[in-house]
Amino acid sequence: MAVVGVNGVGKSTFLRTISGVQPALSGKIKIKGENLENISPERLATMISLVLTEQPLSKNLGVAELVALGRQPYTNWIGTLTIEDRKKIKEALALVKIEEIQAKKCYELSDGQLQKVLIARALAQDTPLMILDEPTSHLDMYHKAQVLKLLRDLSLRTQKVVIFATHEINLALQLCDKIILMKPNEVVQDSPQQLIQKGHFESIFPADLIVFDRATESFRIKT
Amino acid sequence: MQTSRTYTTVLFLLLGVTVAVWFLNISLGSVNIPFKDVLAVLFSSEVENDNWHYIIMEYRIPKAFTSVLAGSGLAVSGMLMQTMFRNPLAGPYVLGLSSGASLGVALVLMGATVFGGVAGSFLFSKWGLVIASSLGSLLVLLAVMLASVRLKDTMAILIIGLMFASLTSAVVSVLAYFSPAAQLQQYVFWSYGSVGDLSWNELGVLSFFWFLGIVIALFSIKNLNSLLLGEQYARSLGMNIGRNRALLIISTSFLAGSITAFAGPIAFVGLAVPHLIRQVIPVNDHRILLPAVILGGAILLLLCDTVAQMPGSEYTLPINAITSLVGAPVVIWLLVRKRKFLF
């Protein structure tokens, strides 16, 4: 499920609020009927995992070490990994197909690889819901497609709900089951096909530069 | 992870070095005591020379233990602050602890004359300075914490700590400008730091706070590891940011505050030891980093103290200067040699 919309419309705020990183500006958030405020951070960590952008994380961490930190909500007071934890870490590395780089340090990785490692960490956290804030920024076109395809496969294979904010509307249209489209005055949520048919994409951007082409289901530069 | 046995070996090696340096530290000093007599004092107490017994039991051993506690405590609080702020330049004094202590001591030593007040002889005694230094640290720390309650951003606490440090040092300068030479000298001597003036009782008080600080650090290990990913990830892994921040600040205050109160401001150790350890063993896991930093801090300060007392001579150099003189070249050498800054 993708969250799309123009810069500054509140995609990140929305994701940060539903993941409990920041308090709600107004209204209430419920997870399975429970108020988000009433869920302790420890329990929330077993329900939602996050992939964020531009965090000051230690680049000196090894890949396996970083993924292992995803098990923190389940480990004892000093963070000892059990056999179960090690199994989950191995699974996460395998699902994201990064076993061959697990001995590397984070500063040796490309942006695309690092993004996969962060996704593997979220997988190791083993939560029904995974939230990603712009997982494809800084990546080239190929790796953008690769990461989003990976998210699609993961949600199908692991039955997780994956919500991510993105500016890659063209890619999201091809890969997502549902899209949350945020506009300054309204928020619509539907399947990509429905949104296209109802003409929602025509109005997101000012029409002077790019237009939505229904035939190819993508945005084009106006000529 | 697969090399955890290597890390255990390194830790035992560090422990061995610590013990060796401890023995080196107590066997060298201005009075030349043969090593076998040092051992005799320690293990049987039958020595031909009573003075030697006194020197070792009442001076050198308390001093060596003070070095161990001060070195390890400062190093641990430096590590806590570096991880908490995700900033390699953070040290034990970023919260304004040493500037607060300096202000307290400066007010007692120099303020009395400046304001024409009558200071009892108690104020100038060792305990008077310890209390003044603790109160000063506590006041500045409380001010920094009050200011930080309003802030969500941890980095802002760092800036506020620095601001308080420059405020207090300005007050100290003004006091120094108006105070007579004798008091000024006394203040300067305090600011050199000293690990040699502690009695067994004072050492007991210091160990108590050291122990509290280390225990809190021990129980923060898991959260410290989460913090390697940054605060927002740490929160999403179930960490309570506010409570953890408070615990780390309390631990640092116990460690660095009590050490500054008894031994004066000792620079460098807290900032450098965590970096030295990371350069020697490239490890992030605080389960290994914490014991390694404790031992590393103890080794560095024991060594510096051994150098400071200039074996065989009557002079003792200021420990605060020696830590930087010995330590800084080592850090520079390690950074240049590895060409990679590991943080």
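**Exercise 1. List the buried residues of H7(B).**

Solution. The buried residues of H7(B) are Thr154(B), Ala156(B), Ile157(B), Leu158(B), Ile160(B), Gly161(B), Thr168(B), Val172(B), Leu175(B) and Ala176(B). Buried means under 20% relative accessible area, exposed over 50%, and partly exposed in between, with a 1.4 Å probe and protein chains only. The model is predicted: local features need pLDDT of at least 70, side-chain atom pairs count only at pLDDT 80 or more, and totals for chains, interfaces and linings use all residues. Residues are numbered from 1 along each chain as its sequence is written, chains are lettered from A and ligands numbered from 1 in the order in which they are written, and side-chain values use heavy atoms, with hydrogens and water left out.

**Exercise 2. Compare the span of H7(B) with its expected span.**

Solution. Start with the residues: H7 of chain B runs over 154-178 and has 25 of them. Helices are DSSP runs of H or I with at least four residues, strands are E runs of at least two, and both are numbered from the N terminus. Next, take the expected span, 1.5 Å times one less than the number of residues.

**Exercise 3. Describe H14(B) and its surroundings.**

Solution. H14 of chain B covers residues 286-308. Its 23 residues reach 31 Å, close to the expected 33 Å. Of these 23 residues, 19 are buried, so H14(B) is largely enclosed by the rest of the structure. After H14(B) comes Met310(B), with a positive phi near 40°.

**Exercise 4. Find the salt bridge between chain A and chain B.**

Solution. The count is one salt bridge. The side chains of Glu42(A) and Arg243(B) form it, at 4.0 Å from N to O. The term means a side-chain nitrogen of Lys or Arg within 4 Å of a carboxyl oxygen of Asp or Glu.
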